[in-house]
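User: Could you take me through the surroundings of the ligand in this model, please? I'd like a close look at that one part.

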Amino acid sequence: MKTIAVLTSGGDAPGMNAAIRAVVRTGLEKGFKVMGVQRGYSGLINGEIFEMGRYSVADIIQRGGTILRTARSEEFKTEAGRIKAVNILKAFGIDGLVVIGGDGSFKGARELSKMGINTIGLPGTIDNDLAYTDYTIGFDTALNTVLDAINKLRDTSSSHERVSIVEVMGRNCGDIALFAGIAGGAESVIIPEKEFDVNLLCRKVLEGKNRGKLHNLIILSEGVGGAQALKKKIQEVTGIETRATVLGHIQRGGSPTAADRILASRLGARAVELLEQGKSSRVVGVRGNEVVDFEIEEALAMESKFNEELYNIANILSY
Ligand code: ADP
């Protein structure tokens, strides 16, 4: 193998740039020619490919977003689209590809592997929703963004003795809500993995007030439902003024944390090592601080194990 390429695909996540940098510099160190593909699979189909040198990734480790841009491509989901992509890769002499993205992007990577392109996936998503890895690139930064917002909301909620609902991202994974709930000392965490009873929640709010709590902070994962409806219900039942804040895309941006930069650097380096070894159709992750890799199909089939320990801690400490 002589030429490898890297692309970012699907939803962006802070730390993608650190991963691109690690792929480019590790690749060059190993003697590969390294190309960057712009706009994910969409740019791949259109041949938006250019060579990357050591300095093309200078000054990006601290930046959020992705210098390669990201996109979703319906065309790539069709066989005709993927044939175009493979032809483009061949035209540029690319025999190895690193795809940084989430589960959708990994499915695309698996298809490219089947078509003879050695492809390795790196988990770039704030949602932490990939079961094969303890952490995804971008999760820690998003978590800290949420924490910063919670700290601020706590001040104003305490002053006005309000209930504050904060809706956070994560799709069907409650990790952002759960981790932020513990770190931010929230009174309640509502996540898709656990059933929740709105009556019990209202009771908890009232009991908290009776015990002298000045504020009541509720972290709601987007996978559960709308913050506005919950706000209305809590206000109706408890009579306490309640505010809802939907953090939205602010959670996707910002300078990556040290943890995300280091994770991205480690995983990016491993992806290139795997390509050097002629491996294909694998995804890289981290388990118990060890860098690991799995066959894509196997990784996507893994079921998330819900972290009961963290959930219990969140409940006990919120009392
Ligand atoms: P993420 O990678 O963040 O989960 P998406 O699910 O939007 O984001 O996937 C990103 C892109 O990956 C899609 O726009 C599409 O081009 C490609 N993709 C997703 N699913 C498949 C699939 N089953 N087969 C081939 N390509 C896919």
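Analyst: Happy to! The shell around the ligand divides into eight polar, six charged and two nonpolar residues, where Asp, Glu, Lys and Arg count as charged, Ala, Val, Leu, Ile, Met, Phe, Trp, Tyr, Cys and Pro as nonpolar, and the others, Gly among them, as polar. This is a predicted model, in which local features need pLDDT of at least 70 and side-chain atom pairs pLDDT 80 or more, while totals for chains, interfaces and linings use all residues. Residues are numbered from 1 along each chain as its sequence is written, and side-chain values use heavy atoms, without hydrogens and water.

In total, 16 residues surround the ligand, and the closest are Arg72, Ser73, Gly102, Asp103 and Ser105 (a residue is near if one of its heavy atoms lies within 4 Å). Helix H4, residues 103-114, gives the most to this shell, with five residues; helices here are DSSP runs of H or I, at least four residues, numbered from the N terminus.

Now for the polar contacts, pairs of N or O atoms within 3.5 Å. A ligand oxygen is 2.5 Å from a side-chain N or O atom of Arg72. For the side chain of Ser105, the distance from a ligand oxygen to an N or O atom is also 2.5 Å, and for Asp103 it is 3.0 Å. The protein buries 84% of the 560 Å² that the ligand exposes when taken alone, with areas from the Shrake-Rupley method and a 1.4 Å probe.

Notes
A polar contact is a pair of N or O atoms within 3.5 Å; within protein, one must be able to donate a hydrogen and the other to accept it, and residues adjacent in sequence count only if both atoms are side-chain atoms. Helices (H or I, at least four residues) and strands (E, at least two) are DSSP runs, numbered from the N terminus.
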